[in-house]
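Welcome! Here is a short tour for anyone meeting this structure for the first time. Take a moment with the sequence and the model, then read on.

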Amino acid sequence: MASGLDVDMMGGVRPRSSGNIPVSTCGGAQLYWEEYGPRDSGSSSAGALSPAAAPSTVGFPAGPPAYDKRLLLINGANGKIPFFGHAIQHFVRLGYTVLVHEARGVGRSSAVGPPARQSIRLLAADTQAVANGVWGAHSRFHLLGASLGGMVAQELVYRLVRGGDKCFGASVVPLLGVLLLVTDCGQRWWPLPWRREGRVRRLVLPQLGFREDDGGADFRERFGRQIEACYSAAWLDGPAPPLPGSTSRGEGGCKPAAAPGDTEAGAAASAGPTTRRQVVTRLWCEHWRELSAMRATPEDVRAVTGQMSAQYNHYLGPRRAALIRRSGVKLGVGVSSADCFYPEHSQRQLAEALGAEVHCVAAGHAECLWLDGVALMVGAALAVFRDSRV
């Protein structure tokens, strides 16, 4: 019998359509995207699967496309689509059609240009190309970006606000609501390209290329500190909820089956409720290939350094913030109280610059995207989107 963790990050949910969008900027790329949503609700993409071929989304609401329920998600640095899996499940159950893609060079998206030439503006242009290619150039949608994806979302909002919708008039912006999660407005002074790439290499290269034949011991040694940084200790040490799609549920959470050499998980399986720390560690150990670009291959190193160095050339600036603020777009900033990557005061400065609503969504950096931590984030999103279910 399958254990409580023998599920993927999507909880059994499959995309109803997927494809690749070609772009020619910065040497060119093929951007892989997936669309999730209520079954039988169709897609505006020419590359979408037919209803007969589309995977089943049993348990989700059916019906015609809800054009005011489109949601574009922008992942954080090096995140592949399943990293958003728990959030996607929540939004689809609420009737949203969710579009998410993998950044150039990450996962199933290819890239040709050199890493040092990546920038937040380039990543925002890529994201806009995906939205236009799948939903059409004049479609309206909600927008949510997390971490580095929040910076990309800021640039995308600016592009859309500045350009307006040429079909309906410059005063019309295709954004129905925007939530920026655990991010800030960037820095005014940018390091030189080779310096920011070198800085990123020093930070991330020690995390790549861990052993896979030791039952996860090398992973836990290398990523223990990273997990501590991304998730608050209080949240990690709390009881884990049952995972979507789990076949084995216990009091306070699911019981992990022990991997070879995993004596900690084996002992925990009989010692009481499973903690979020055990579940998060186990999910990373079992699904790291689907979650993030973490291999020590030249392609992954290039993708990691290229995308993460882009954060060092982002600065929203007062003029851009004022233009966004005057646009009338509904804005919210999801703030984490103890984020080691983006201090709380810088997240609140972003909200103040944009005149955005402030929603406290987490203590650590990534817990608002995993397990039951998603509930606070979804609640904040519904409030910003003016969804009547709040």
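Predicted model: local features only at pLDDT ≥ 70, side-chain atom pairs only at ≥ 80, totals over all residues.

**Helix α1**
- Helix α1 spans residues 85-93, and seven of its nine residues are buried, so the rest of the structure largely encloses it.
- Those buried residues are Gly85, His86, Ala87, Ile88, Gln89, Phe91 and Val92.
- Around them are the strands β2 (29-36), β3 (70-74), β4 (97-101) and β6 (141-146), along with the helices α8 (276-291) and α12 (374-384), against which they pack.
- After α1 comes Gly95, which has a positive phi near 95 degrees.

**Nonpolar cores**
- The largest nonpolar core contains 53 residues, and Ile88, Leu144, Leu181, Tyr231, Trp284, Trp370 and Met377 have the most contacts inside it.
- Helix α12 supplies the largest share of this core, with seven residues.
- Another core, of 50 residues, lies apart from it and includes Val106, Ile120, Val178 and Cys185.
- Returning to Ile88, and setting aside neighbours within four places in sequence, its contacts are Met10, Tyr36, Leu73, Ile81, Val98 and Val100.

**Helices α2 and α3**
- Helix α2 (residues 120-135) packs with helix α3 (residues 148-163) at an angle of about 70 degrees, and their axes are 8 Å apart.
- Angles of 65 to 115 degrees count as roughly perpendicular, and α2 and α3 are therefore roughly perpendicular to each other.
- On the α2 side, the residues that meet α3 are Ile120, Arg121, Leu123, Ala124, Ala125, Thr127 and Gln128.
- On the α3 side, they are Leu148, Met151, Val152, Glu155, Leu156, Arg159 and Leu160.
- Sorted by class, this contact has nine nonpolar, two polar and three charged residues.

**Asn313 and helix α10**
- Asn313 sits in the loop between α9 (298-309) and α10 (318-326).
- Is Asn313 buried or exposed? Its relative accessible area is 8%, so Asn313 is buried.
- The Asn313 side chain reaches the backbone nitrogen of Ile120 at 3.4 Å.
- Within α10, the residues Arg320, Ala321, Ala322 and Ile324 are buried.
- Their cover includes α2, α3, β8 (331-336) and α11 (344-354).
- Gly328 follows α10 and has a positive phi, near 85 degrees.

Methods: Residues numbered from 1 in each chain as written. Heavy atoms only, no water. Helix = DSSP H or I, 4+ residues; strand = E, 2+ residues; numbered from the N terminus. Buried < 20%, exposed > 50% of the residue type's maximum accessible area, 1.4 Å probe, protein only. Polar contact = N/O pair within 3.5 Å; in protein donor to acceptor, adjacent residues only side chain to side chain. Contact = heavy atoms within 4.5 Å. Core = buried A, V, L, I, M, F, W, Y, C linked by side-chain atoms within 4.5 Å. Axes fitted to C-alpha atoms, helices over the stretch in contact; angles between N-to-C directions. Parallel < 35°, antiparallel > 145°, perpendicular 65-115°, else oblique. Nonpolar A, V, L, I, M, F, W, Y, C, P; charged D, E, K, R; others polar.
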